[in-house]
Amino acid sequence: MNLAETRALLLYTAEKMIESEPHLTELDLKIGDGDHGLGMQRGFTAVRDLLKTETFQPKDVGELFLTSGTKMMSSMGGASGAIFGTLFRAGGKAIAGQESFNADVLAVFLVAGSKAVFERGGAKPGDKTMIDALVAAEKQAELVKALPLKEAIVSIAKAAEEGAESTRNQVAVFGRAKSLGERSLGYVDPGAVSMSLILKYMSEYLNQ
Ligand code: ADP
Ligand code: MG
Ligand code: MG
């Protein structure tokens, strides 16, 4: 898909993430401080506003994601502002110069993005964070990067959803849920759900 189509894909995803606020709030109330939904809503509102700004004319897909990440980082706050901002910024940098978006470009974005998130936050797979959804997505993206994006994204989103669901059986060792210890068992990590929703909405847009 070309730059304008990718911008429309991201705009749809931002609007859906804004609408996901009540669900994400509920999840963070269970094992966190309840602000994750509002944080994501703030971040994606900033992204939506950016994408609707006619004077914002990124030169390539990399800049589209990078600038979106910068907006998230400056508007969201909390752990997830830094984490999701880092994902979009580092992912965007890694695909600088790309004039179109496809499964191969998405794989590069996810690989670079997850590396940056590791470096920034220090969490590993299994620590009950958005990394569990991100790494699952990244691995699947590597496997399907030669497929058309419309097809590849279906399995990538499904892998992310399974990764998010896997956090239910994990004990949190990072972020606010850490203080709950074993009491975090049985609840999914809200950031992991956000990560899987971003990919789900991309898949939904491409297959509607
Ligand atoms: P806060 O915890 O500051 O209230 P949010 O509620 O917005 O921030 O975001 C919490 C989410 O951030 C968690 O569900 C988790 O997925 C993610 N997170 C927290 N710390 C880390 C980390 N070190 N690495 C990756 N993700 C993290
Ligand atoms: Mg929170
Ligand atoms: Mg908080």
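## Helix 8 and its covering

How many residues does helix 8 have, and how far does helix 8 reach from its first C-alpha to its last? In this predicted model, helix 8 covers residues 149–166, which makes 18 residues. The reach from its first C-alpha to its last is 25 Å, close to the 26 Å expected at 1.5 Å a residue.

The buried residues of helix 8 are L149, A152, I153, I156, A157, A159, A160, E161, G163 and A164. What covers these buried residues includes helix 6, helix 7 and helix 9. An α-helix has 3.6 residues a turn, so residues three or four places apart point the same way.

## Overall architecture

The protein has 9 helices and 0 strands. From the N terminus on, its elements run α-α-α-α-α-α-α-α-α. The radius of gyration of the protein is 16 Å, close to the 17 Å that the globule rule gives for 208 residues, so the protein is as compact as a globular protein of that length. Along its principal axes, the C-alpha trace spans about 45 × 35 × 35 Å.

Buried residues make up 53% of the 208 residues in the protein. Among contacts with a separation of 6 or more, 68% are accounted for by residues 24 or more positions apart.

## The nonpolar core

Which residues touch the most other members of the largest nonpolar core? In this core of 64 residues, they are L106, A133, L134, A137, I156 and A160. For A137, leaving aside neighbours within four places in sequence, the residues in contact are L110, I156, A159, A160, G163 and L199. Of these, I156, A159, A160 and G163 are also listed among the buried residues of helix 8.

Helix 4 (61–76) has 16 residues and reaches 22 Å from its first C-alpha to its last, close to the 22 Å expected at 1.5 Å a residue. Its buried residues are V61, G62, L64, F65, L66, S68, G69, K71, M72 and M76. What covers them includes helix 1 (3–19), helix 3, helix 5 and helix 6. Helix 4 is followed by G77, whose phi is positive, near 70°.

## Selected residues and distances

K128 lies in the loop between helix 6 and helix 7 (131–144). Phi of K128 is near 65°, a positive value in a residue other than glycine. Is K128 buried or exposed? K128 is buried, because 28 other C-beta atoms lie within 10 Å, and the threshold for a buried residue is 20 or more.

T55 is placed in the loop between helix 3 and helix 4. T55 is exposed, with 4 other C-beta atoms within 10 Å, the limit for an exposed residue being 12 or fewer. The C-alpha atoms of T55 and D132, 77 residues apart along the chain, are separated by 36 Å.

Helix 2 (residues 21–31) contains H23, and K30 is also placed in helix 2. H23 is partly exposed, with 14 other C-beta atoms within 10 Å. K30 is likewise partly exposed, with 16 other C-beta atoms within 10 Å. The C-alpha atoms of H23 and E99, 76 residues apart along the chain, are separated by 35 Å. For K30 and A112, 82 residues apart along the chain, the C-alpha separation is 31 Å.

Definitions and conventions. Residues are numbered from 1 along each chain as its sequence is written. Chains are lettered from A and ligands numbered from 1 in the order in which they are written. This is a predicted model: local features need pLDDT of at least 70, side-chain atom pairs count only at pLDDT 80 or more; totals for chains, interfaces and linings use all residues. Helices (H or I, at least four residues) and strands (E, at least two) are DSSP runs, numbered from the N terminus. The radius of gyration is taken over C-alpha atoms; the globule rule is 2.2 Å times the number of residues to the power 0.38. Two residues are in contact if their C-beta atoms, placed from the backbone, lie within 7 Å. A nonpolar core is a set of buried Ala, Val, Leu, Ile, Met, Phe, Trp, Tyr and Cys residues joined through C-beta atoms within 7 Å. The expected span of a helix is 1.5 Å times one less than its number of residues.
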